[in-house]
Structures are given as structure tokens and as C-alpha cells.
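Visitor: Please take me through the terms used for this model and the values behind them.

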Amino acid sequence: MKIQGKMFMWLSVFLLIMAVVYGVWSKEPAGTTALFLAFGLAIMVGFYLGFTAKRVDVGAQDNKEADVADDAGEVGFFSPHSWQPLFLAIGGAFSFLAVAVGWWLMYFSLPLILISIWGWVFEYYRGENRTQ
């Protein structure tokens with residue numbers, strides 16, 4: 001995780017330099033603001049990764065002598081049969097469409113989003129998939 005933090009810090013330095021050069025050269029406020037915001041986001045991610053790297057064990061990506069197999073293992077649990085992400089995506093698409101078409105569409109998308117999140121969170125607490 002340490003190398004990712006350094007990469008984002010170098011990216012933030014590059015974005016800061018480019019924001020200053022672009023702002024002086026073009027005198028265009030929208031692009032300059034976007035570059036400064038990208039700088040802020042990159043430095044936040046870099047600081048977080050560097051801060052977290054000091055508190056966790058050294059990963060295989062930080063060891064120059066590590067093999068690919070050293071980083072193998074379980075990444076996490078991913079539900080192989082869940083329909084909730086599909087309905088959440090449909091609700092999100094309707095909510096973004098509401099910005100372009102009309103805010104009335106938000107009345108249909110918001111319940112779909114909330115029910116999908118509820119179903120996704122409590123998916124393994126009820127029914128045939130119950131694990132407890």
C-alpha cells in the first residue's frame with residue numbers, strides 16, 4: 001500500500017504543476033478549477049494510502065523480493081446470485097435520468113434504490129441464504 005500512496009502523491013504534484021501552467025497559459029477558469037480539484041482528490045487519496053500503510057502489515061506489493069503467489073489468497077466474499085445490484089443500478093439510472101427528464105421520475109427511482117440497498121444489506125439474514 002505504500003507504493004500506491006507514493007504514486008498518488010507524485011500524481012498530485014504533477015496535477016498541481018499542470019494546473020498552474022494551464023491556468024497561466026489559458027486563463028480559462030473551468031479547466032483550471034477542475035485540475036486543482038483533481039489535485040485535491042489525488043492528495044487526499046495519497047495521504048490516506050500513506051497513512052494507512054503505516055498501520056497495516058507490509059503487503060507483497062511493497063516487497064521487492066516477493067513473488068506473484070505471495071499476494072494470493074481470499075480477496076473477499078462476493079455473492080454469486082444476487083439480483084440486488086441490478087435493481088440498484090436501474091434505480092440509479094432512473095435517478096440520473098430524472099435530472100434530464102424531470103424531477104418527478106425521482107419518485108419512482110428513490111423507493112427502488114432504498115429497497116435495493118435494504119435487500120442487498122440483509123440478503124444473508126433471511127430466506128434460503130440465511131447464514132446464521
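This is a predicted model: local features need pLDDT of at least 70, side-chain atom pairs count only at pLDDT 80 or more; totals for chains, interfaces and linings use all residues.

Guide: Residues are numbered from 1 along each chain as its sequence is written, and side-chain values use heavy atoms, with hydrogens and water left out.

Visitor: How do you know that the span of helix α2 agrees with its number of residues?

Guide: A helix is a DSSP run of H or I with at least four residues, numbered from the N terminus. The expected span is 1.5 Å times one less than the number of residues. The 25 residues of α2 (residues 29–53) should therefore span 36 Å, and the end C-alpha atoms are 36 Å apart, which agrees.

Visitor: Why is Asp62 called partly exposed?

Guide: Buried means under 20% relative accessible area, exposed over 50%, and partly exposed in between (1.4 Å probe, protein chains only). Asp62 has 27% relative accessibility, so Asp62 counts as partly exposed. Asp62 is in the loop between α2 and α3. In α2, the buried residues include Gly31, Ala42 and Leu49.

Visitor: What makes a polar contact between the side chains of Ser82 and Glu123?

Guide: The term requires a pair of N or O atoms within 3.5 Å; within protein, one must be able to donate a hydrogen and the other to accept it, and residues adjacent in sequence count only if both atoms are side-chain atoms. The side chains of Ser82 and Glu123 make such a contact at 2.9 Å.

Conventions: Helices (H or I, at least four residues) and strands (E, at least two) are DSSP runs, numbered from the N terminus.
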